[in-house]
Amino acid sequence: MTELEKLTAGAEYYFLDAEVAKRKARAAKLCQEFNQISATDPEAQTRKIKEIFGSTGERVSVQANFNCDYGLNIHVGEDFLSNYNLTILDIAPVNIGQHVMIGPNVDIYTVNHPMTAAGRRHYLAQATPVTIGNDVWIGGKVAIMPGVTIGNNVIVAAGAVVTKDVPDNTLVGGVPARKIKSLA
């Protein structure tokens with residue numbers, strides 16, 4: 001298998017591989033272009049973010065700065081809004097539903113590295129998808145870890161580190177994030 005085939009299959013892959021690096025270079029270039037667009041030109045920002053993402057709804061708003069690993073693995077629904085400094089490491093797919101709001105300084109990760117020093121010395125990584133449902137509000141400075149699924153009608157409190165799946169109709173917060181209460 002090629003390293004990209006391993007990556008796509010969810011297996012460990014060599015993250016310095018030329019084809020993997022090519023994906024990242026494309027994303028870095030497009031993110032740099034996005035981040036240089038004036039905040040007074042939201043139409044240009046929207047056109048560029050739609051070029052970066054794999055798919056979007058019609059109404060999408062992303063504030064600079066934005067960074068990602070690939071871009072084409074990011075899929076957002078209608079009425080997607082993110083505040084400043086969103087980072088999505090989308091080595092694996094990141095699927096975000098409709099009517100989702102993301103606060104400033106949020107990180108969404110799909111990639112992880114081995115727990116062994118030997119694996120890290122060999123520049124290995126493994127990616128698992130992240131899924132975020134509809135009608136979700138993610139507060140500022142939240143980190144969402146690889147493989148997490150966040151249900152519908154969820155609020156993630158500011159500063160939370162989401163390491164496990166979050167069921168529908170739930171408010172979570174803390175490090176690691178835990179259920180605070182049910183939402184109607």
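The UniProt annotation "domain: Maltose/galactoside acetyltransferase", taken from an unreviewed entry, covers residues 4-58; UniProt positions are given in the numbering used here, feature names are shortened, and annotations may be inferred rather than shown by experiment. The structure is a predicted model, in which local features need pLDDT of at least 70 and side-chain atom pairs count only at pLDDT 80 or more, while totals for chains, interfaces and linings use all residues. Residues are numbered from 1 along each chain as its sequence is written, and side-chain values use heavy atoms, with hydrogens and water left out. Over residues 4-58 the chain is 64% helix and 4% strand, and the end C-alpha atoms lie 30 Å apart; helices (H or I, at least four residues) and strands (E, at least two) are DSSP runs, numbered from the N terminus.

Helix α3 (residues 42-52) has Ala44, Gln45, Lys48, Ile49 and Ile52 as its buried residues, where buried means under 20% relative accessible area, exposed over 50%, and partly exposed in between (1.4 Å probe, protein chains only). These residues cover an arc of only 130 degrees around the axis, which puts them on the same side of α3; the arc is that of the directions from the helix axis to the C-beta atoms. On the other side of α3, Glu43 and Arg47 are exposed. The cover over the buried residues of α3 includes α2 (18-35), β2 (60-62) and β3, contact being defined as heavy atoms within 4.5 Å.

Strand β3 contains phenylalanine 66, which is buried at 0% relative accessibility. Leaving aside neighbours within four places in sequence, phenylalanine 66 is in contact with Cys31, Phe34, Asn35, Ile49, Ile52, Phe53, Ile74, Leu86 and Ile88. The C-alpha atoms of phenylalanine 66 and threonine 87 are separated by 5.9 Å, although the two residues are 21 residues apart along the chain.

Cysteine 31 is buried, with a relative accessible area of 2%, and cysteine 68 is likewise buried, at 8%. The sulfur of cysteine 31 is 3.6 Å from the closest cysteine sulfur, that of cysteine 68, which is too far for a bond.

Asparagine 73 is placed in the loop between β3 (66-68) and β4 (74-76) and is buried, with a relative accessible area of 14%. The side chain of asparagine 73 reaches the backbone oxygen of isoleucine 91 at 2.8 Å. Not counting residues up to four places away in sequence, asparagine 73 touches Asp90, Ile91, Ala92, Pro93 and Val94.

Three strands form an open sheet in the order β1-β11-β10, with antiparallel pairing; two strands pair if DSSP finds at least two bridges between them. β1 (13-14) and β10 (111-112) stand at the edges, each with a single partner strand, so one side of each is left without a neighbour in the sheet. β10 pairs with β11 (residues 124-127) over two bridges, and valine 111 has alanine 127 as its bridge partner in β11.

Key. A polar contact is a pair of N or O atoms within 3.5 Å; within protein, one must be able to donate a hydrogen and the other to accept it, and residues adjacent in sequence count only if both atoms are side-chain atoms. A disulfide is a pair of cysteine sulfur atoms within 2.5 Å.
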